[in-house]
Amino acid sequence: MGYILNEEQTNLVDMVKEFMSNEIKPHVAEFDITGEFPKKLYEKAFEMGLHCLEIPEEFGGGGVDYLTAAAIYEEIAKIDAGFSTGLCAISLALKPVLIAGTPEQKKLFSDIVVPGAFGAFCLTEPNAGSDAGSVRTTAVRDGDEYIINGGKCFITNGGVSDVYVVFASTDKSKGVKGLTAFIVERSRSGITVGKEENKMGIRLSNTSEVVFEDVRIPASNLLGKEGDGFKIAMKTLDLSRPFIGAIAVGVAQRAIDEAVKYSKQRVQFGKPIAKFQAIQFMLADMDIETEAARQTVVYAIQLILAKKPHSREAAIAKCFAGDVAVKVALDAIQVLGGYGYSRDYPVEKLLRDAKIFQIFEGTNQIQRVVVAGHLLK
Amino acid sequence: MNILVCVKQVPDTTEIKIDPITNTLIRAGVPSIVNPFDAYALELAVRIKETNGGIITVLAMGPEQAKSALKECLSVGADKAILVSDRVFGGSDTLATSYILSTTIKAIESKTEKFDLILCGKQAIDGDTGQVGPEIAEHFGYAQVTYAEDITVDGENLRVKRENEDHHEIIETQLPAVITVIKTAYEPRYATIKSKMASNKVQIPTMTSIDLDIDLERTGLKGSPTKVKKTFVPQIKKSGIIIKGKTSSESALELISLLSDASII
């Protein structure tokens, strides 16, 4: 639906769909309630290679094209948005390495992740959310090494990763232009995982604080040059926002599927409520919005594949898909009525999962800043 | 160990519907899958390969589209795949099919090595005869063990856990042998992204009647002593009275009263 894929690509997506339905779906509700990290479920996903779709084949990854990868993330998200986010976030950490890394650095990252491990993209700090330039984590050169000090928060996979890509300031006086990106292996001493967030939704993904105290890394772990950090971060987000959009579309699609199923079964006034136009129009609007959101994702990816500028389109995709996911989840609850409000049915979770897509990877307000910026150039 | 697994591409009969007018299977739109028992057979073969080494070849008889089932097998651990396909084979019953498969296996062996072990699923979920595996054993004159739930290698021999209704047997067999496989304790493994992508790229060779030392009289409709005369959905009679919602003594009293009213007692 929505993605025009050839037979081989469809084969891959169908394989993931079957895996998610048989192996992951039966356990989602339980982990959503307890908030316990579903390590064994992720390990199964690692066996299939769902954590390294985007790592190039030469480094041991799947080397899957972006369009198929988006279709796969959407398929995973239909079963659980948190699980899809946890896997997609590994690729988020990968992107700075692909954008600015040397072949040795790409190998370093891939050798850690491919056998079956998480990576995390560490930009956000308590004082630096939308205002990414206000990062206070420092990286000080000392001979052949850098020493990193600072604390990151709201880091997806922060508590479970074996490798981090950390954005730190190498020159406070330069503000945003003083930010630099580094690969930091979890095995370095001085790294502690702090508080794990008790989240409203996407509870099958881990979101934690990560603290760096006098963490020494070799200078060879620097990505690009000192001062390249902000540019790398922005390019990364431009590449990853469409995938976040794809996950949001997955949430919306699941909401539609649940609402359609329920509306065919629920009988009131002598017939299934699906026979009433009020319900039909709600479902149709949900479907129209979701398909439109999906196509903004597909378009952004097509621009990426054509190596064209895509910053505006990535922001549109992420912003629109996030807003649609929340609205469609709300509507699905409404279609299910009282049962939609009950934790015994799967739709209230979809709203709790959907909300984050208006917040992380750049709030939808920041996305609008990006879009307005392009309009008013 | 050189292992051959016979596989068949079948319609996913959990989704099958019967046309109420013609009483035949509606195949249009029904997805095709690897016959589930063949998938279990392949899983056992892969486990043997993992512990003891070896090469697994999968062989299917069918139309060109059966290659997608063979690719599925390659993505979960088979090393080689071959399709045997020819218009003249159309309409073959189990005897003709087993003859064609056996002849094909012999043709493959003449170019490579003899197979130590031939595995088949116990039956195909569309035909449900369960005959092809044992017939292949007879064509070769090999030992056969049917209804295998598990296989372990024991030196030069194999130990097969063979299922019966209320017990199981452990049968030891020498090789070469044919073993037919039921639902095992091991779920067939998933492919991985990489193995799926790799298997999609493989060119699977097709063998036809020209490549075989085969007597065409024994294939197709001509070579089929059995014929499907009719397929139909049996009528389910829903008559009878159900007594429910009462205690056993109340139910018994009601039953007695019903039976005596009907002059049965």
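Predicted model: local features only at pLDDT ≥ 70, side-chain atom pairs only at ≥ 80, totals over all residues.
# Chatting through a two-chain model

20 Å separate the centres of domain 1 and domain 3 of chain A, taken over C-alpha atoms.

Visitor: Okay. What are the domains of chain A?

Guide: The domain assignment gives domain 1 (7-113), domain 2 (119-227) and domain 3 (231-375) of chain A.

Visitor: And how many residues of domain 1 of chain A are in contact with domain 3 of chain A?

Guide: 20 residues of domain 1 of chain A are in contact with 20 residues of domain 3 of chain A. On the domain 1 side, helix 3 (66-79) and helix 4 (81-100) of chain A each supply at least two residues. Helix 4 of chain A gives the largest share of that side, 10 residues.

Visitor: What classes of residue are on that side of domain 1 of chain A?

Guide: The side of domain 1 of chain A that touches domain 3 of chain A has 12 nonpolar, 3 polar and 5 charged residues.

Visitor: Let's zoom out. How many helices and strands does chain A have?

Guide: Chain A comes to 10 helices and 10 strands.

Visitor: What about its overall dimensions?

Guide: The C-alpha trace of chain A spans about 80 × 50 × 40 Å along its principal axes. A compact globule with 377 residues would have a radius of gyration near 21 Å, and chain A agrees, with 21 Å.

Visitor: What share of chain A is buried?

Guide: Buried residues make up 51% of the 377 residues in chain A. As for contacts in chain A between residues at least 6 apart in sequence, 75% of them join residues at least 24 apart.

Visitor: Give me one helix of chain A to look at. Is helix 9 of chain A enclosed or open?

Guide: Helix 9 (residues 347-354) of chain A is largely enclosed by the rest of the structure, because 6 of its 8 residues are buried.

Visitor: Which residues are the buried ones in helix 9 of chain A?

Guide: They are V347(A), K349(A), L350(A), L351(A), D353(A) and A354(A).

Visitor: And what do those pack against?

Guide: The buried residues of helix 9 of chain A pack against helix 1, helix 4, helix 6 (229-265) and helix 8 (311-336) of chain A.

Visitor: Switching to strands. Which way do strand 3 and strand 7 of chain A pair, parallel or antiparallel?

Guide: Strand 3 (residues 145-156) and strand 7 (residues 207-218) of chain A pair in the antiparallel sense, over 9 bridges. To find the pairing on screen, look for I148(A), which stands opposite V215(A) in strand 7 of chain A.

Visitor: I clicked on G150(A). Where is G150(A) placed?

Guide: G150(A) is in strand 3 of chain A. It's buried, with 21 other C-beta atoms within 10 Å.

Visitor: What is G150(A) in contact with?

Guide: Leaving aside its neighbours within four places in sequence, G150(A) is in contact with E125(A), R136(A), T137(A), T138(A), A168(A) and F212(A).

Visitor: Now chain B. What's the order of strands in its open sheet of 9 strands?

Guide: The order in chain B is 11-10-9-12-8-1-6-7-13, with mixed pairing. The edge strands are strand 11 (168-173) and strand 13 (206-207) of chain B, and each pairs on one side only.

Visitor: Which helix packs on that sheet?

Guide: One of them is helix 2 (residues 67-75) of chain B, which touches strand 1 (2-7), strand 6 (55-61) and strand 7 (80-84) of chain B. Its direction makes about 165° with that of strand 7 of chain B. Helix 4 (residues 132-140) of chain B lies across strand 8 (117-121), strand 9 and strand 12 (177-181) of chain B. Helix 4 of chain B runs at about 180° to strand 12 of chain B.

Visitor: Last one: how many residues does each chain bring to the contact between chain A and chain B?

Guide: The contact takes 12 residues from chain A and 8 residues from chain B. On the chain A side, helix 1 (7-34) and helix 2 (39-48) of chain A are the elements that give two or more residues. Helix 1 of chain A has the largest share of that side, 5 residues. By class, the chain A side divides into 7 nonpolar, 3 polar and 2 charged.

Methods: Residues numbered from 1 in each chain as written. Chains lettered and ligands numbered in written order. Pairing = 2+ DSSP bridges. Helix = DSSP H or I, 4+ residues; strand = E, 2+ residues; numbered from the N terminus. Rg over C-alpha atoms; globule rule 2.2 N^0.38 Å. Buried ≥ 20, exposed ≤ 12 C-beta atoms within 10 Å, placed from the backbone. Contact = placed C-beta atoms within 7 Å. Axes fitted to C-alpha atoms, helices over the stretch in contact; angles between N-to-C directions. Nonpolar A, V, L, I, M, F, W, Y, C, P; charged D, E, K, R; others polar. Domains from an automatic or database assignment.
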